[in-house]
Amino acid sequence: MTPLELDDVLDVFAPLRAGAPGLRGKVVAVRPETTESATIVVRPGRDWAGHVPGQYVRVGVEVDGVRLWRTYSLTHGPRPDGCIAITVKAIPGGVVSNHLVRRAKPGDVLQLDQAQGDFVLASPLPSKVLMVTAGSGITPVIGMLRNLFSRSEPVRADIVLVHSALTRDGVIFGRELRRYAEQGLITLHERHTDADGMLDVAELGGLVPDLAERTTYACGPVGLLDALEAHHTAADLPLHVERFRPVVVPVDAGDGGTATFVSTAGETTVEANGATPLLDAGESAGVLLPSGCRMGVCFGCVVPLREGAVRDLRNGELTVATPGETGPDGIPIQTCVSAAAGTCRIDSL
Amino acid sequence: MTVITKQPVNPTAHLSEADIEDIGRRLDAIRQSVIETRGADDAAYIRKVVDVQRKLELASRAVLLGSALPPLWVLGTVGLSVAKILENMEIGHNVMHGQWDWMRDPKIHSTTWEWDNASTAEGWKHSHNEVHHTYTNIVGKDNDLGYCIMRVDEDQRWYPAYLGQPLWNFINACFFEYGIAAYDLELGKNLRTPKEKRSEEFKRRASNTLRKIRKQATKDYLVHPALALPFGGAVGALTANFTANLVRNVWSHSVIMCGHFPEGVETFEKAAIPDDETRGEWYLRQMLGSANISGSDFMHLMTGNLSHQIEHHLFPDLPSNRYAEVAPQVKEIFDEYGLTYHAAPLPKQVASAWHRVVRLSLPNGWLETTNAKNLPSQLGLLWTMATGSKAERRKAQKLLDVRAAA
């Protein structure tokens, strides 16, 4: 932001205008879905390029003044009012999800990225489709279904949805899904873990006798998706999966880790212990890094952490960059007072 | 004042090593308490200041379109001056310190901010954040001590040229942004270097600075007057921009003088600073080398909270809106360890800083030993020192030293 750029002055008045640097969106409605989830309807900036149902969007949210990025599936197809929607389930201890579900309100401004992801229905639509979802894994699929059923021409495909959730009341979009089933648009198999136990992939054949004829779309917890992949690969069946939180950044116990410095010229990897500033670790391996006071005062050494975890040597505070989630520019860190806290990738000169 | 290690009684002599490390630990704890409570309110604060600044600047520039009418000229000029001061002091300076980096908003970030000033953010961050804040008040290392053009410490040798320093200081105040730009580039040193020997780095930074000055001048002195031309306000807009820049320059120069130049603020000897200076020792140097300005909330805002210079130097990366809250805790540490916490209202601090500039423009001891009665003979002595040979100057200085000691 600078008084020299017209854009920054215009941002004060029209943050959603075409050509604004950085795509933003304004929350227009927050609708509770279950006690633990809510749908956030957002009017995206004029530069929003549209999306295909099933895709996700990266969202930058300010929580306690800090901008944090997460990805959420878009739960509507393209809407006539031009808005987009995400549905968020508050996970225990989830800083961003709890903020969005419980504290987001109309008028809030969110940072957006363009829609991404290849978890979309094939075109033309296969005649027989199986959707396997669990928990908030329903979110990309509801977008697909809503889009299909809002079209003027009737849907000819035979769609089976197997959905697992903890309780009946905890099924996000439960009433809407049951209505689709009553209208004969889909065949719905609900599985409530509290009463029926966990969904076992081996049971699928019993629930869906013509499983072998179907193209499967699945989204849910890692365990379910892994089992499904193993099952479908063994049976040689077509499968599309969407994995949420594909990467969990491992954090060390204080003994450092592997730091990789990335520049246009190449990469240098060093083993850095938990007490050595990354600036020193990089320099002793011959990496060119910006530097200044070397005591955390001048901010002359700030470079982006692309992924991984670092620890502030002054107070032990962790900074974690998660691929696919952290903003496009990484998280800027001060290398002179940060040590590796596990594996990390950092930009160098 | 002279570097602390040459004073008759070193103001830190009563502190043990353990005391100094204890001070460090207590200041670290204050810092951590602010970091732990940094949050939405602080973010809202800086966004509000940015928002107000943008709107004030735009509104003032709009009013100045009609600056053919004198009341509108006055209103617009006042508004633009305040807007420019806010941008440089409470926003630009503090954002470039990384005070708001924790928000992870790339728009309000030390790596991306460019300010409404002739000096580039890059040059400023080097000379100010890195050199000045690390080597604060170390004679010969911290160029902010006199900006290489002034004598601000007894230990800097006196030359007759320093007699002009009150004038240089006044001119520097009026054109402070250009002074800063030249200073960031170490222009004096680099211009003395033959052209072919100047570093590529200097050439790159010099061309960036020139480009920036051109853009700044285009905005203030061409585009804005051109926009006002149809309303007959071109000349008014031009003079208003010039005045606002002048006001901003004099104001920021005054505030910055108050930070380190008032009488009583300590300076340090390069040789006396250990290579492995501890965090406690660094903190102690910041405590002794800075002075605060007391005043209203509005005054704190307009100084970019540099009125809390002591707290700023201890914690340059904490959000400026939190300095007021930690100031009493910091003062308590000063009191407990018998250190002097310099704080006074702006006029007093400005006068004190100017007194130092004037006093040190003269040979050591001259001002102190001069009174109405001996003025003619003192002037004669000064004349000898200003025009005489080195030997004569040395002899006269000895005389002054003896008189001052008596």
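Predicted model: local features only at pLDDT ≥ 70, side-chain atom pairs only at ≥ 80, totals over all residues.
Chain B is built from 16 helices and four strands. Its radius of gyration comes out at 23 Å, close to the 22 Å that the globule rule gives for 406 residues, so chain B is as compact as a globular protein of that length. Laid along its principal axes, the C-alpha trace of chain B spans about 70 × 55 × 50 Å, and 43% of the 406 residues count as buried.

Helix α5 of chain B (residues 165–174) gives a closer look at burial. Its buried residues are B:Gln165, B:Asn169 and B:Asn172. Viewed down the axis of α5(B), they fall within an arc of 60°, so they line one face of the helix. As for what covers these buried residues, the list includes α6 (176–184), α9 (234–260) and α14 (346–361), again from chain B.

Turning to the interface, 23 residues of chain A are in contact with 40 residues of chain B. On the chain A side, the elements giving two or more residues are α1 (6–13), β4 (66–73) and β16 (331–334). By residue type, that side of chain A divides into 14 nonpolar, five polar and four charged residues.

Methods. Residues numbered from 1 in each chain as written. Chains lettered and ligands numbered in written order. Contact = placed C-beta atoms within 7 Å. Nonpolar A, V, L, I, M, F, W, Y, C, P; charged D, E, K, R; others polar. Buried ≥ 20, exposed ≤ 12 C-beta atoms within 10 Å, placed from the backbone. Arc of directions from axis to C-beta. Rg over C-alpha atoms; globule rule 2.2 N^0.38 Å.
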